[in-house]
Amino acid sequence: DPDVLKKLVASIREIEKAFGSSSFRPLSEGEQRYRLVSRKRSVAARPIKKGVKIIEDDITFKRANDGITPQEVKSVIGRTAAQAIKKDEPLTWDKII
């Protein structure tokens, strides 16, 4: 039936639009400015006691000015806390041995 086929094709086209584009466009000036202030940094997901070995569950990411970047966080796992670190406190290299 041609009408059923037309509806099917129209539905498929709607689904394709919902998926969006796989290509990237350059960021607008406003998006670039926002990106500078919205960077994620590593923070303690829970309190970490001094001398405790840091595991993946101890780390989460939030918007913060200070803290180890997500790209560097693998270097933190398995290291020891040089001092007590409060929940939501940024993880910085001076706090880790």
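A: A contact here means heavy atoms within 4.5 Å. By that count, residues 24 or more positions apart account for 51% of the contacts in the protein chain with a separation of 6 or more.

This is a predicted model, in which local features need pLDDT of at least 70 and side-chain atom pairs count only at pLDDT 80 or more, while totals for chains, interfaces and linings use all residues. Residues are numbered from 1 along each chain as its sequence is written, and side-chain values use heavy atoms, with hydrogens and water left out.

The protein chain has two helices and two strands, in the order α-α-β-β from the N terminus. Helices (H or I, at least four residues) and strands (E, at least two) are DSSP runs, numbered from the N terminus.

The charges come next. The protein chain carries 21 positive and 14 negative side chains, and the centres of the two sets lie 5 Å apart. Lys and Arg count as positive and Asp and Glu as negative, with His and the chain ends not counted; a charge is placed at NZ of Lys, CZ of Arg, CG of Asp or CD of Glu.

Side chains of opposite charge can pair when their charged atoms come close. A salt bridge is a side-chain nitrogen of Lys or Arg within 4 Å of a carboxyl oxygen of Asp or Glu, and the structure holds six of them.

E16 is partly exposed at 43%, and R13 is partly exposed at 43%.

Another salt bridge is formed by D58 and R46, at 2.6 Å from N to O. The two lie 12 residues apart, each in the loop between β1 (40-44) and β2. D58 is buried, with a relative accessible area of 5%, whereas R46 is partly exposed at 35%.

K62 and D88 also form a salt bridge, at 2.6 Å from N to O. K62 lies in strand β2 and D88 in the segment after β2, so this pair ties together parts 26 residues apart in sequence. K62 is partly exposed at 35%, as is D88 at 38%.

Methods. Buried means under 20% relative accessible area, exposed over 50%, partly exposed in between (1.4 Å probe, protein chains only).
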